[in-house]
Amino acid sequence: MQSRIPRQSAGEQGGRGPDGADADARFSAELASVISGARRRAVRDGDRHIDTAHLLHSLLEYDPQARALLGEGPQVARLLGYLVQRSIGYGLRWQGSVEASGTLPRATGAAGFSPLASAVLEDACARAARRGADRAVGVDLLAALVADPRTRAVEVLGRAAVEPRAVLARAEEHREPTP
């Protein structure tokens with residue numbers, strides 16, 4: 001099966017590409033790196049779409065502020081363990097299926113993203129706008145990822161004993177200073 005996720009050229013590998021969600025001016029440079037990382041992870045894993053678990057995994061790798069909001073202790077290590085296992089067993093049941101949910105509005109603009117992942121990116125931008133920022137950051141994405149209890153990201157958090165509602169509360173309390 002051929003992946004539907006647009007591949008990046010060698011010149012795009014280190015940063016944002018010229019089109020799609022990676023180049024969206026509504027995202028901070030750090031969040032664009034998170035999205036690029038999620039895209040590479042999905043391609044490497046042979047997944048057809050970038051889903052919310054890909055976004056969560058990449059967010060944990062690239063954004064220490066968002067990672068800190070998940071709490072302390074063994075939960076973050078356990079969470080990363082589940083995310084790493086995705087390609088070797090844990091997430092194999094997700095391959096060949098599209099992540100979708102009725103809680104967030106369906107967005108169709110981001111090429112290669114599941115409908116729910118696309119909606120989560122839109123929600124992250126809306127959260128940034130509500131706090132008066134021009135660009136969404138990792139904490140905005142984290143809040144959007146845990147807002148819908150049916151996302152794959154929330155499923156993984158639950159398996160790692162991380163309470164999504166508590167993460168959402170901490171993310172919503174966190175206010176990044178706006179320039």
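Contact here means heavy atoms within 4.5 Å.

**Helix α5**

Start with α5, residues 115–130. At 1.5 Å a residue, its 16 residues should span 22 Å, and the end C-alpha atoms sit 23 Å apart, which agrees. Most of this helix is covered, with 12 of the 16 residues buried. Among them are Pro115, Leu116, Val120, Leu121 and Cys125, but also Asp123 and Arg127. What does the covering? The cover includes α1, α2, α6 and α8.

**Helix α8**

One of those covering helices, α8, spans residues 164–173. Its buried residues include Pro164, Val167, Leu168 and Ala171. Looking down the α8 axis, the buried residues fall within an arc of 100°, so they line one face of the helix. The background is simple: an α-helix has 3.6 residues a turn, so residues three or four places apart point the same way. Arg165 and Glu173, on the other side of α8, are exposed. The buried residues of α8 pack against α5, α6 and α7.

| Helix | Residues |
|---|---|
| α1 | 29–45 |
| α2 | 52–62 |
| α4 | 74–85 |
| α6 | 138–147 |
| α7 | 152–159 |

**The core**

Which residues touch the most other members of the largest nonpolar core? Out of its 45 residues, the answer is a set of leucines: Leu55, Leu56, Leu70, Leu79, Leu141, Leu142 and Leu145. The elements giving two or more residues to this core are α1, α2, α4, α5, α6, α7 and α8. As a rule, nonpolar side chains in soluble globular proteins tend to be buried together.

Leu79 makes a handy example. Setting aside neighbours within four places in sequence, Leu79 is in contact with Leu56, Leu60, Leu70, Val156, Leu157 and Ala160.

The protein averages a pLDDT of 78, and 70% of the residues score at least 70. Over residues 6–20, though, pLDDT is below 50, and the model gives this stretch 25 contacts beyond near neighbours in sequence. Residues 101–109 also stay under 50, with 20 contacts beyond four places in sequence. Where pLDDT is low, the predicted coordinates should not be read in detail. Among the elements, mean pLDDT is lowest for α4, at 83, and highest for α6, at 96.

Definitions and conventions: Residues numbered from 1 in each chain as written. Predicted model: local features only at pLDDT ≥ 70, side-chain atom pairs only at ≥ 80, totals over all residues. Heavy atoms only, no water. Helix = DSSP H or I, 4+ residues; strand = E, 2+ residues; numbered from the N terminus. Expected span 1.5 Å × (residues − 1). Buried < 20%, exposed > 50% of the residue type's maximum accessible area, 1.4 Å probe, protein only. Arc of directions from axis to C-beta. Core = buried A, V, L, I, M, F, W, Y, C linked by side-chain atoms within 4.5 Å. pLDDT = per-residue confidence, 0-100.
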